[in-house]
Amino acid sequence: MPVLPLKIKRHFYALPWCYLYKLTFEILIFNDPIHGTIMLDPLLVKIIDTPQFQRLRNIKQLGGCYFVYPSAAHNRFEHSIGTCFLASKLAHQLKQRLDQDIERLGKHKDNEKKIYAKKLKKAKMTEEDLLCIEIAGLCHDIGMQNRHGPYSHLFDRLFNKAMKKKDPSTVEWQHEDVSSMMIDHMIKANDDLKDAFEKDFLQIGRIEKNS
């Protein structure tokens with residue numbers, strides 16, 4: 001993997017399939033067959049490099065469909081990175097549109113619209129907001145690596161019902177619940193990732209130190 005002596009601004013929205021180049025600041029460039037060339041934030045790179053995320057390479061996106069359709073063999077790994085890219089692109093577009101609306105309404109002659117522009121300023125998206133959206137897109141399926149059964153999401157419903165029938169006290173869950181728990185575990189199990197989170201989100205460090 002060639003290293004390029006390139007310095008790139010941190011928050012280009014980014015992310016997708018096979019590593020092509022590893023750049024300074026640990027930003028990676030991917031070549032995605034659908035989205036083209038994409039760049040990843042350093043924190044997202046650290047998430048991808050964890051054993052917890054890498055295990056998504058072994059989980060088929062479409063369950064057993066590839067037994068019937070041989071080309072339907074992509075996995076949760078590239079699906080998650082593609083989702084991250086699209087979530088990031090949407091968030092940046094929303095931010096740009098909101099900033100434009102605030103500027104336009106702020107210059108309006110109507111005082112009510114100027115007041116509304118001031119209210120909209122409270123909803124402005126920060127760099128941390130954008131990064132959170134990228135992380136959410138990247139990790140939305142990470143819980144699947146530990147317990148995803150055959151036939152994809154159909155397994156969730158069948159397994160929950162079967163367990164509930166066997167033991168009425170069983171608490172039903174969705175794969176989003178498991179993803180949330182897996183993210184907590186992933187951060188605790190990887191010190192470098194925990195340090196990166198604390199660096200990018202200082203609030204996390206304050207919360208953990210006070211708990």
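How many salt bridges does a search of the whole structure find? The search finds six, a salt bridge being a side-chain nitrogen of Lys or Arg within 4 Å of a carboxyl oxygen of Asp or Glu. This is a predicted model, in which local features need pLDDT of at least 70 and side-chain atom pairs count only at pLDDT 80 or more, while totals for chains, interfaces and linings use all residues. Residues are numbered from 1 along each chain as its sequence is written, and side-chain values use heavy atoms, with hydrogens and water left out.

**Overall make-up**
- The protein has ten helices and four strands, taken as DSSP runs numbered from the N terminus (helices H or I of at least four residues, strands E of at least two).
- Of the 211 residues in the protein, 39% are buried, where buried means under 20% relative accessible area, exposed over 50%, and partly exposed in between (1.4 Å probe, protein chains only).

- Helix α3 covers residues 76–106 and reaches 44 Å from its first C-alpha to its last, close to the 45 Å expected at 1.5 Å a residue, the expected span being 1.5 Å times one less than the number of residues.
- Asp-99, which is partly exposed with a relative accessible area of 23%, forms a salt bridge with Lys-95, the closest N and O atoms being 3.2 Å apart; because these two residues are four apart in helix α3, they are separated by about one helical turn.
- Asp-99 also forms a salt bridge with Lys-124, at 3.8 Å between the closest N and O atoms, and this pair links distant parts of the chain, since Lys-124 lies in the loop between α4 (111–121) and α5, 25 residues apart from Asp-99.
- Through shared partners, salt bridges join Lys-95, Asp-99 and Lys-124 into one network.
- Arg-97 and Asp-101 meet in another salt bridge (3.7 Å, N to O), in which Arg-97 is exposed at 52% relative accessibility, whereas Asp-101 is buried at 19%.
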